[in-house]
Amino acid sequence: MQARLRRWWPYALALFIVYLLPQAGIWFLQLSGNPDVATAWKGWALTCLLGVNPVAVVAVGVLYGLRHKFEFLFALLTGALWIPAALTLYNETALIYLLFYVVFSFGGMALGNILARSAKAKAAAS
């Protein structure tokens, strides 16, 4: 189990930081003196929720799939990391995205695994 945790922590840390990007956006909006922080927050939060987070989950999944084998527990970890961000930054209705992020993580790991296998096959053929 310790080997898994050592293998997972850089990927988990990257995702956790990405999941907390909306909070950094709120701080930036407050510091910039924007009078309409609520409207700007909604736009920033939706951009992260529907754009940045899925892309980051797939990218991390691909990188993980390239370097390591396909792991069911890692995909569950990507969803579990979403829980604190969803409950602190959004509300409980954002927890549904946990399922999407787990599926995107599976897809990213599968793609990374396919790319790694094709690279090994090319290297073996050369």
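**Ring pairs, a salt bridge and a surface patch**

Glu-71 is buried in this predicted model, its relative accessible area being 6%.

User: Which residue forms a salt bridge with Glu-71?

Analyst: The count of salt bridges comes to 1. In that pair, the closest N and O atoms are 2.7 Å apart, and the cut-off is 4 Å. The partner of Glu-71 is Arg-7.

User: How many residues apart are Arg-7 and Glu-71?

Analyst: Arg-7 sits in helix H1 (residues 2-19). Glu-71 lies in the loop between H3 and H4. The pair therefore links distant parts of the chain, with a separation of 64 residues.

User: Is Arg-7 buried, partly exposed or exposed?

Analyst: The relative accessibility of Arg-7 is 25%. Buried means under 20%, and exposed means over 50%. Arg-7 falls in between, so the class is partly exposed.

User: How many aromatic pairs does a search of the whole structure find?

Analyst: Rings pair if their centres lie within 6.5 Å. Searching the whole structure on that basis gives a total of 12.

User: What is the angle between the planes of Tyr-64 and Phe-74?

Analyst: These two rings form an aromatic pair, 4.1 Å centre to centre. Planes under 30 degrees apart count as stacked. Tyr-64 and Phe-74 are stacked, with an angle of 5 degrees.

User: Which helices hold Tyr-64 and Phe-74?

Analyst: The two residues are 10 residues apart, and their pair links distant parts of the chain. Tyr-64 is in helix H3 (residues 37-67), and Phe-74 is in helix H4 (residues 72-89). The helices are H3 and H4.

User: Why does Tyr-64 count as buried?

Analyst: The cut-off for buried is under 20% relative accessible area. Tyr-64 counts as buried because its relative accessibility is 0%.

User: Which residue forms a stacked aromatic pair with Phe-72?

Analyst: The ring centres are 5.6 Å apart, with 25 degrees between the planes. Phe-72 is in helix H4, and its partner is in helix H5, 34 residues apart. The partner is Phe-106.

User: Which residues do ring pairs link into a cluster?

Analyst: Ring pairs need centres within 6.5 Å. The cluster they link here consists of Tyr-19, Trp-82, Tyr-90, Tyr-97, Phe-100 and Tyr-101.

User: What is the accessible area of the nonpolar patch on the surface?

Analyst: The patch is formed by Ile-96, Leu-99, Phe-100, Val-103 and Phe-104. Phe-104 is found in helix H5 (residues 97-125). Phe-104 is partly exposed, at 31% relative accessible area. Together, the patch residues have about 460 Å².

Key: Residues are numbered from 1 along each chain as its sequence is written. This is a predicted model: local features need pLDDT of at least 70, side-chain atom pairs count only at pLDDT 80 or more; totals for chains, interfaces and linings use all residues. Side-chain values use heavy atoms; hydrogens and water are left out. Patches are made of residues with over 30% relative accessible area and no salt bridge: like charges are joined within 9 Å, nonpolar side chains (Val, Leu, Ile, Met, Phe, Trp, Tyr) within 5 Å. Accessible areas come from the Shrake-Rupley method with a 1.4 Å probe; for residues, only the protein chains shown count as cover. A salt bridge is a side-chain nitrogen of Lys or Arg within 4 Å of a carboxyl oxygen of Asp or Glu. Helices (H or I, at least four residues) and strands (E, at least two) are DSSP runs, numbered from the N terminus. Buried means under 20% relative accessible area, exposed over 50%, partly exposed in between (1.4 Å probe, protein chains only). Rings of Phe, Tyr and Trp (its six-membered ring) pair if their centres lie within 6.5 Å; planes under 30 degrees apart count as stacked, over 60 as edge-to-face and the rest as tilted.
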